[in-house]
Amino acid sequence: MTDYEQETIVAIATPPGQGGIGVIRLSGPSAADILAACQNIPLAEQQQRQARRLYLHDIFDEQGRLIDRALTVFMPGPASYTGEDVAEIQCHGGTQALSQILAAALAHGARLAQAGEFSLRAFLNGKIDLSQAEAIGDLVAAKTAAGARNAAGQLAGRLGRHIAKLESRLTAVQAAITAAVDFPDEVDEPQNRQMAEELTAVAGDVQALLDKAPAGQILRQGLGVALAGPVNAGKSSLLNQILGFDRAIVTDCPGTTRDMLEEYIDLDGLPLLLRDTAGLRRGADISEPERIGMDKSRDALERSQIVLLVADLTDPAFSREHILPLAAACAGHSLLVLNKRDAAAERLPAAIACYAGDFAGEDILPISAKTGQGMPELLARLKEKAGGARLWQEEDGLLVNARQRQALQLAAGHIREALAGLEQALPQDLITIDLEAALTALAAISGRDVGEEVLNDIFRNFCVGK
Amino acid sequence: MEAYQSLLQPGEYLAGTYQTVVIGGGHAGCEAALAAARMGAKTLLITMSPESVAMAPCNPAVGGAAKSVLVREIDALGGAMARITDQAQIQIRMLNTGKGPAVQALRAQIDKALYQRLMRRRLEEQENLDIRQGEAVKLLLNEGKNRVMGCVTANGAAFGAETVILASGTYLSGRVIIGDYDYPSGPAGYPPAAALGRFLRDMGLPVRRFKTGTPARVDKNTIDFSKTEIQPGLRGLYFSYLTRDGEFQRPSIPCWLTYTNAQTHKIIRDNLHRAPLFSGRIEGVGPRYCPSIEDKVVRFADRDAHQLFLEPEGENEREYYVQGMSSSLPEEVQAAFLRTIPGLEKVTLMRPAYAIEYDCLDPLCLKATLEHKDLAGFYPAGQINGTSGYEEAAAQGLLAGINAAAACLGLPPLVFDRSQAYIGVLVDDLITKGVNEPYRLFTSRSEYRLLLRQDNADLRLTPMGLPYGLIDEERQRRFAAKKEAAEAEMRRLKAYHPKEKELQALGLKASHETSLETLLRRPEIDYAYIAAHFSPAEPLAADAAEQVEIAVKYEGYIAKQQAQVDKFKRLEQKALPQPMDYQQIQGLSTEARQKLTQMQPANIGQAGRISGVSPADVNLLLLWLKAHPQSKAGE
């Protein structure tokens, strides 16, 4: 439930995408604390600074790693846009820095703002008038209410099933403890060790869900872009071209990229995680380390949102044999990169023609990783592709938005506290307070009535009564 | 007087005028009448039979998990249940002793007849309270039919009243079912109240049909206790904060445990077609937590035994209550399956088990004071509101009595929220979520249970009852002494830093910041240890010592719960206008608009607990409230 006066909200205030500067805005009673924490300075130092004045300072993530150097400003309420304490961090534009600073603010206790919530607070504090507020009311109703009401629909999806499974497992533990409390003559206390095992497993599943969630993945890791293709097609050279510096080991001996290389880049505001993969080939002379590398490669392909299929124009038949099965597997989210056009320009028309049935024209990109020819076109197409459907849509049918992600994180935290309580052998009914908090956090996604679910479980699974 | 005369029909006469009339003398009615009279309202209790007040028609026990907190809360507000239980108990136990302080629970077996006699005496001793035998058959209403003006008995005796508390239990249109045999009846063979049930239906109040049941009573002289396991009680435990150790000389009579077996289950299965629940003879909704033995045998078919307890109904009675064997199978089947059970081979029935169906009202129509939203001055309380259990009934009776009297005496309403009392949880659940089956309290229903313990009900509630005249001097004195002693000891524990040598002498690891408080926080150290080695100037009373120990030992979890409560309170304090036109708020979902319009929640917090009201709807309400600061909520 929303609690306007006590929670500090945060959001990226600048429009998504490119731009020289990005702004993170915080509003609420802890704005100063969170601003100080993001700069890794004591609150007292923040408080000594002049209000409404820009200060240049480094911004760190929650582990203390530098994110960016930015301008910070603190505007105490009520003389602020929302009427509450407001803080802003103006950093370099680009999704990566903004996302990381947003994540840091969340880690330090802010809650992600809902649509229109800054304006709503401004209205609630008398900063804007009623006619403006009515419009915001419509906005809130249109966005969040629609979201809440669609929750039932979403819950039919895979996320819903995952959450329901987590809830029912936590509820079972909760019910086991509670049944023994409410019916002590009839039901024995559950074993701490078994509960700890189950809670550890549930915590792991919550974490797996968080890791799988694309929103979380993109915030933390960037959009996965894999480079795949036959051995010696020049994938590592292409990676180096994109990165702009020598990072991969490049040799003429086939099969040297046995370990996967991963590299972050910020492509005009798009966070990308580039993955080079081992070249694919068949034959009797595949060594064991190579086979492991190839298994990893397949895994990388599955985890990536976009695949660059790299073909060697100097060896068209061999390339085609390897590319086509991959193209079928990655249909719709792959680009065909025809490399070494500098060495085999004369074969280009024939190659394009022979792939025309399998790729759209704009998805076939002839380049030379060696000279850089064709690279601007490739990167432009990559951005278009990345900005399109697959980035913000579901992966595995799991649509996890920021609010849901926060709820999962909250639940994970409460489960950890419950485990700590079991570790200390505290009375089991105290553990139920943590479990109830975890279930309440998940209920923010599912909308289930926590208390009622526990009772249902008790009456279903325990034979109790007079 | 004249106001009432004009409401009478031919054949009715004005028998008296009161501020509060209570219909029904069960656990709800007794507490209601006592509370109203104690506050100074001129009160009448109408009961079908004065000798059957405070009857316990089902199990001969008071308390248990969650319920024992209710009993203590009633006591903290000056109610009668706890004291009378202490005087009438024949066995007492503390449940959940191995668990945390929030869930430890007292349960007493009571001598039912003695309990009734003591309650009757208590009622008769109460100033401002008249008792009248009679069956209430209708309510007196004003012309607009939106205010209650009193009630009329079957004999035509009309009683004018400013407030009427309806505590009719399971009597309204009651029907008892035993196997293929059923007849109109109240519990335990008492006559039902059919006329009042019809009157309420004719008034257009939504009435629903609930069902409950009770097991057989068997003859003690036909039980072979040697084949069962003894379940002894303890001594020195009391429900009331006022009861002093040794004040009442009570016996301690054991209960006995035995088990069903394959033979029992076979007889039940073979006769299932004669069980009215399965044959469709019962239409009422029964409670899941109180399944009949035939229900258990069917639903848990893999269990080869179910436990049952044999509990005395009184100190001298031969009747024993067979806990766990509630049934509505025919009498002869009951006798047959009981005789398969070790210890009961030769048992004879004294009363058969039966199921009872009765009318109850929809509690969604009630305010947190238990006053009906559409009928001013009318306060339904107890089982009529769809609850089950003596304690749940008594708690509602107390609350209804307090608020009915407060309305007459010009005092503000007294309501409890979910963070203050189990009474608050009970009432909020009833009026916000409604009931689909007879409602019973469980610890899991209370999200702030670590704060709502049976050991601190007085600290939570006694000060709230004080301005209403509910707390007598003795209770005030005892309350203040406990509170002050606990607080003083807390201060001492924080301030006292034992010397390193003292600690070493005890074999304790020390650090420079060790205080008695930090010592007590260690799992291996309890308050008794502190008191023994670092004793206070005056030894601490056990109840104060318990508070100190809990406050220190569970500090972390108490702080967690307190933070949750603070958050809850902020929404609870945002009152909504009464009545409120939800049509004018743009953007609410259709379901939320309907439910809010129907239920008229008192505040934002309550609105958010209504099923079908989403967080987005709550945001819109908050927005609307801010935009219309002039719409002050008021009763």
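**Reading loops, strands and sheets**

Student: Where is the place of B:Pro579?

Tutor: B:Pro579 has its place in the loop between helix H19 (555-572) and helix H20 (590-599) of chain B. Helices (H or I, at least four residues) and strands (E, at least two) are DSSP runs, numbered from the N terminus. The model is predicted: local features need pLDDT of at least 70, side-chain atom pairs count only at pLDDT 80 or more, and totals for chains, interfaces and linings use all residues. Residues are numbered from 1 along each chain as its sequence is written, while chains are lettered from A and ligands numbered from 1 in the order in which they are written.

Student: What kind of peptide bond joins B:Gln578 and B:Pro579?

Tutor: The bond between B:Gln578 and B:Pro579 is cis, with omega about -10°. A:Pro78 belongs to the loop between strand S4 (66-75) and strand S5 (86-92) of chain A.

Student: How many residues of strand S7 of chain A are buried?

Tutor: A residue is buried if 20 or more other C-beta atoms, placed from the backbone, lie within 10 Å of its own. In strand S7 (residues 223-228) of chain A, six of the six residues are buried, so the strand is largely enclosed by the rest of the structure. On one side are A:Leu223, A:Val225 and A:Leu227, and on the other A:Gly224, A:Ala226 and A:Ala228; both faces are covered.

Student: In which sense do S7(A) and strand S10 of chain A pair?

Tutor: Strands of a sheet pair through backbone hydrogen bonds, either parallel or antiparallel. Pairing requires that DSSP finds at least two bridges between two strands. S7(A) and S10(A) (residues 306-312) pair in the parallel sense, over four bridges, and A:Ala226 stands opposite A:Val307 in S10(A).

Student: What is the order of the three strands in the open sheet of chain B?

Tutor: The order is S3-S5-S4, with antiparallel pairing. Strand S3 (61-63) and strand S4 (89-95) of chain B are the edge strands, each pairing on one side only. S4(B) is joined to strand S5 (residues 105-110) of chain B over six bridges in the antiparallel sense. There, B:Gln89 has B:Ile110 in S5(B) as its bridge partner.

Student: Which loop holds A:Asn232?

Tutor: A:Asn232 lies in the loop between S7 and helix H9 (235-243) of chain A. Although A:Asn232 is not a glycine, its phi is positive, about 65°. A:Asn232 is buried, with 22 other C-beta atoms within 10 Å.

Student: What is phi of B:Leu370?

Tutor: B:Leu370, a residue other than glycine, has a positive phi near 75°. B:Leu370 is found in the loop between strand S19 (354-361) and strand S20 (378-380) of chain B, and is buried, with 30 other C-beta atoms within 10 Å.

Definitions and conventions
Buried ≥ 20, exposed ≤ 12 C-beta atoms within 10 Å, placed from the backbone.
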